[in-house]
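Q: Could we go through this structure together, one piece at a time?

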Amino acid sequence: QVQLVESGGGLVQPGGSLRLSCVASGRIDIIYDMGWYRQAPGKQRELVATITKSDNTNYADAVKGRFTISRDNAKTTVALQMNSLTPEDTAVYFCNAQYRLDATRIRVSWGQGTQVTVSS
């Protein structure tokens, strides 16, 4: 089983920046894709950005040009650099990972979430 732990959330003023980090640990063979999702009050959870093992990235239109997703060389961590933040970015941000437990089993794990609040 893989555990994901997010960090880096907090309170920031509009126009500011935050960097979120997610670390994977536990029994891992290969981690394939990782990503960030968010859920704001009264809204459904939505995809923010994803990154594959080969560093192919995808972004939601709402964050394109402002957010950047990246992985370390071991592919066990994923970061989300968030710039030009607006109040609409306020949400709980969740880390997600798809991984191979062994040769026959593929699983998905979620982090516990970290709060990002953009307010003056």
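Q: Which strand is joined to β9 by six bridges, and how do the two run?
A: Six bridges join β9 (residues 91-102) to β10 (residues 105-110), and the two strands run antiparallel. A strand here is a DSSP run of E with at least two residues, numbered from the N terminus. Two strands pair if DSSP finds at least two bridges between them.

Q: What do β9 and β10 form?
A: They form a hairpin, with two residues between the strands. Across this pairing, Gln-98 stands opposite Val-108 in β10.

Q: Before going on, what kind of model is this?
A: It is a predicted model, in which local features need pLDDT of at least 70 and side-chain atom pairs count only at pLDDT 80 or more, while totals for chains, interfaces and linings use all residues. Residues are numbered from 1 along each chain as its sequence is written, and side-chain values use heavy atoms, with hydrogens and water left out.

Q: Back to β9: which strand pairs with it over three bridges?
A: That is β11 (residues 114-118), in the antiparallel sense. Within β11, Thr-114 is the bridge partner of Tyr-93.

Q: And how many bridges join β4 to β9?
A: Eight bridges join these strands, which run antiparallel. Met-34, for example, stands opposite Ala-97 in β9.

Q: Why is β9 described as largely enclosed?
A: Nine of its twelve residues are buried, so the rest of the structure largely encloses β9. Buried means under 20% relative accessible area, exposed means over 50%, and partly exposed lies in between (1.4 Å probe, protein chains only).

Q: Where is Gly-35 found?
A: Gly-35 is found in strand β4 (residues 30-39). Gly-35 is buried, with a relative accessible area of 0%.

Q: Which residues is Gly-35 in contact with, leaving aside neighbours within four places in sequence?
A: Gly-35 is in contact (heavy atoms within 4.5 Å) with Ala-49, Thr-50, Ile-69, Phe-94, Cys-95 and Asn-96.

Q: New topic: in what order do the four strands of the open sheet come?
A: The order is β1-β3-β8-β7, with antiparallel pairing. β1 (2-7) and β7 (67-71) stand at the edges with a single partner strand each, so one side of each has no neighbour in the sheet.

Q: How many bridges join β7 to β8?
A: Five bridges join β7 to β8 (residues 77-82), and these strands run antiparallel. Leu-80 in β8 is the bridge partner of Ile-69.

Q: Where is Arg-71, and is it buried or exposed?
A: Arg-71 is found in β7. Arg-71 is buried yet has no salt bridge, a term for a side-chain nitrogen of Lys or Arg within 4 Å of a carboxyl oxygen of Asp or Glu. The nearest side chain of opposite charge, Asp-33, is 5.3 Å away; Lys and Arg count as positive and Asp and Glu as negative, whereas His and the chain ends are not counted.

Q: What does the side chain of Arg-71 reach at 3.3 Å?
A: The side chain of Arg-71 reaches the backbone oxygen of Thr-52 at that distance. Another backbone oxygen, that of Tyr-32, lies 2.7 Å from a polar atom of the Arg-71 side chain.

Note on methods
A polar contact is a pair of N or O atoms within 3.5 Å; within protein, one must be able to donate a hydrogen and the other to accept it, and residues adjacent in sequence count only if both atoms are side-chain atoms.
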